[in-house]
Amino acid sequence: MGVVEDGRFGGIDVCPWGEFDAATLTAYPLLFRMIDSAAVVSELWDRFLAGSQRALVAGALRTSLEDAQSISAFVVGLQDIGMLVPYLQRSVPSAWARLTDELVAQAGSTVGIPRERASAHTGVGLFAQAGFVVAGNDSPGVRAAQVLGGCSGRFLQVDVDQGASSARVGAMLGGSAWRSLRERYARLLGHLCGVQEAPARISVEAAVLIAGLGMVADRIASRRRFWVANAHMPSFGAYEHSGRARAQAREAVGVTGLARFDLEKVPFTQAHPRCARPNALQASVMEDLPRLVAGQGAGIMVVTDATGSGKSVAALEAARIFNAYCGTQGLLWLLPTTATADAAYDILNGYVRAHRPERAPVTLVHSHSWLNAAYGDQFLAPPGDVHAAGDRQSTDGPAGGDHDAGADGEEAPGPGEWLRGWDAALLAQFAVATVDQALMAVLPVRFNALRLLALSGRTVVIDEAHALAPFSHLQLRRLLNWLGVLGSPVVLLSATMPASTCQELVRAYLSGAGHPASALDGRCFAPAYPGWLFAAAATGTCHRMDADARRSHIVAQRRRVRVQSRPVCHRRLGEASRMVEEDERLAVIGELIGPVAREGGCASVGCATVGDAQDVYQYLKRTWPGAADDLVLLHARFPGHVREATMGRVRRLLGPDGPRPDRLVVVTTSLLDMSMDIDVDVMISDLASIARLLQRAGRLGRFAHQRADEEMRRPSWWSDKDPCLTVLHPVGAQGKTAIPPGWRTVEPAYLLHATAGLLPALEAAPLTIPDQVQELVEHVHGSSSVFAAATTELRRMLEGHQSRVDQEEHLGAVHLIPAPGRVSSLADLHRQYLTTAQAATRLGTMPRRLLPCYRTPDGTLTLDREGLHPLPERPSMTAAGVRRILQHTLPVPAAWVARRNLAHHPPVAWREHPLLADLVLLPSDGARPERLEHFGRHQLRMDNELGLVHRQLP
């Protein structure tokens, strides 16, 4: 019987199952499940993939766009062919009973094998019959077979002479009847997909994108709501079901929020309502970049400028231009911290809404995104429609549709249910994420191909690109290497990036785009500061901002900041009532804040550690003359809901549109250092690296050139000519720099000493921004720092610093996937078995989540001191209940809670919930709030005003 007859009613056996619902004992034919996956891929190709992604796959397969679509659908549809083996079919007895006598008779001995392994091994022979060349690791038949296994999350090694040989497959995976049925399924699927001929090659990047499509298609087609109705009312044959599957796929992809769309062109002031007109740098990008991109295609752009000068607007305009000329659609904005990501989310969401699209979900992707108002309660509900690898027995997800509706019935601006998954949210056309989420794409974790699919086909903006440690910086270079080969336009933003760092990042991208290292050696890839640079992926040619436009921008943005250094003796407060000597750090801070306390104004005190910030707050509170709310403590060790509320209040009051208060002092750590659009009259900072000090200086009088003094409500003592940044310089008994032990985990001691050496020169004359920024950054952070050989002590510290850098880079390289050009077998991308829980994108950031709670007199644990909200101990909780618990948690170093006892374990009912199972309880006696809870040497307590208080025994 031929393939045409097989597609008709009764033409082929459809008894083998592909999905099974244990609740209703409903089986769904495997053939129909395969047709569903292929139909979803075809729909994703048309509506989800950007033009650049389609062109990349077609070019890599050396076929037309139509043929590449057919081949992709065919390959992904075959990912479930591994279910057509005796072991997996027998795992559901009621479904096994439906199989024909011939299949049952030839089942042989049951040999356990996962679905993805069975699919890859049987796929080799099936692709060979379809005309795919099967030879070495890079042959199209072998790569296609690896894609079948890779659709489950990890690429497997396929040995065509051993496990995937026809003899081994016949012996392990059923007799001739099973083999014949698999071959007929494959031929019929290829016929339905319209495959004309096999591809001559399948490149690594094409295979990764097709596998990513397979992961998305599998998640959509395996949802119970997609297939269960078809199981109850089956089609008469494959042809009929194929037509139904295409209609279902069209609807299913539509409700996921994955369908791409174009933003209508709007005036600049509508897209960026805070800008009356483009500044010189933005105007230069808007005038020159279209010509460059139209002529040379995608590439990497670097924008360097002082803080508060409009880099975000320049990035949004660059993304618009790239998308218009490069066949890309959408934007992924990556930032170093959750706080900066939250701020960027507001900007990107406002930008998209300003274009008034009919529907444009903007997602936020980081470990605390459940605290953001953009995300509804469905995100916290136990995940639905999830199945383990090789187990196709599914259960339904939470009730409700795929859309979120507001109170008035209109669609809410946040993402729908499907886009709320941790990695699925990256697939949204417009997304904001922490850079860690993207770095996971170049680690050998499950579903990293899905992340690479999400990173391709749109412009990727990497903000604060300098703010990564060497461990993460190496991973960023590998990520840029992959973005280069995937043809994704990239925009790097930084206020304080050394030229050497810029050079490394641009070279990594161009290397991925196909330029050999020898062709890049000796070339400068750093823009003049401030300014921008564009390097084309196709040619490697560099273009820089016009010199006249750059000079005009410098003049317009130029401002002066006076730097004052105060030598201080660093000593912890200890007892809240301790007398403080006049040369102590705390006393000097009290003196500097005096004008604000007496006459008003807005100030920020940037502290090196949380403990230092808590000391400053307690000390200032002694004599604070204003309202209690005018003195704010903000750091990362408050419960999530408290921290987010405080952050929101500071951004609202001190932001560009905020009702600036008469008096406000924010005592904080590094939370306000990057991408926070706020303005203060006074900035006091502990000694920090010059890059961090420049970031803090960027918040000093930030809006002075944008709004009149009366609008800013400046205090009478303030001068816009020379606003002052005061640096607290810790010194020892002999007046030399003495870095407190607790600061050494924040920044390398070498950077602090090198910056301390700069302070006398900075005090001699006001600092001019942006003119002097790059010079100062290069002095301390550059590869040829003048301080490297200044003294024997500095040389020693620099050697230690470089040794740590080498160690971090070595550790960072251990788990990286290879660069695309070094991949032979796709299994190279998963040589190591690394879970997302084990994968590290930064050193020392594997925190545990702590849940402060309070014990009432009857022994009940509650979330509040008043005892009104007991900890829920039900086996199932509402999403709102989970949210309430998570909002009270905070991250702490794992070492602090390593030695916990039974009192610190969460309720038994929480152990099955993925977001609650690993929480550590911090129980307190409501009547004795000052009591410390012991975790070995570490002692903790939650204070209403100070946040988490930590003590460590010797």
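What follows is a dialogue that takes these features in turn.

Modeller: This is a predicted model, so local features need pLDDT of at least 70 and side-chain atom pairs count only at pLDDT 80 or more, while totals for chains, interfaces and linings use all residues. Residues are numbered from 1 along each chain as its sequence is written, and side-chain values use heavy atoms, with hydrogens and water left out.

Biologist: Which residues line the largest cavity?

Modeller: The lining includes Cys607, Asp686, Arg692, Arg696, Trp743 and Glu747. It divides into seven nonpolar residues, no polar ones and four charged ones. In this scheme Ala, Val, Leu, Ile, Met, Phe, Trp, Tyr, Cys and Pro are nonpolar, Asp, Glu, Lys and Arg are charged, and the others, Gly among them, are polar.

Biologist: With which residue does the side chain of Asp686 meet in a salt bridge?

Modeller: Side chains of opposite charge can pair when their charged atoms come close. The rule asks for a side-chain nitrogen of Lys or Arg within 4 Å of a carboxyl oxygen of Asp or Glu, and the count comes to 31. Asp686 pairs with Arg585 at 2.8 Å, N to O. Arg585 lies in helix H25 (residues 585-599) and Asp686 in strand S15 (residues 682-686), so the pair ties together parts that are 101 residues apart in sequence. Helices (H or I, at least four residues) and strands (E, at least two) are DSSP runs, numbered from the N terminus.

Biologist: Is Arg585 buried or exposed?

Modeller: Buried means under 20% relative accessible area, exposed over 50%, and partly exposed in between (1.4 Å probe, protein chains only). Arg585 is buried at 3% relative accessibility, and Asp686 is buried at 2%.

Biologist: What separates Asp548 and Arg551 in helix H24?

Modeller: An α-helix has 3.6 residues a turn, so residues three or four places apart point the same way. Asp548 and Arg551 are three residues apart in helix H24 (residues 547-557), about one helical turn. Their side chains meet in a salt bridge (2.2 Å, N to O). Arg551 is partly exposed, with 47% relative accessibility.

Biologist: How many residues of helix H20 are buried?

Modeller: Eight of the eight residues of helix H20 (residues 448-455) are buried. Asn448 and Arg451 are among them. The buried residues pack against elements including helix H3 (51-61), strand S4 (331-335) and helix H21 (470-486). Just after H20, Gly457 takes a positive phi of about 80°.

Biologist: Where is the place of Ala704?

Modeller: Ala704 is in the loop between helix H28 (690-697) and helix H29 (709-712). With 27% relative accessibility, Ala704 is partly exposed. Ala704 touches Asp679, Arg714 and Trp718 (heavy atoms within 4.5 Å), not counting residues up to four places away in sequence.

Notes. On a 1 Å grid over the protein atoms alone, a cavity is a set of points where a 1.4 Å probe fits but cannot get out, and a pocket is an open set with protein on both sides within 12 Å along at least five of seven lines; lining residues have an atom within 4 Å of a point.
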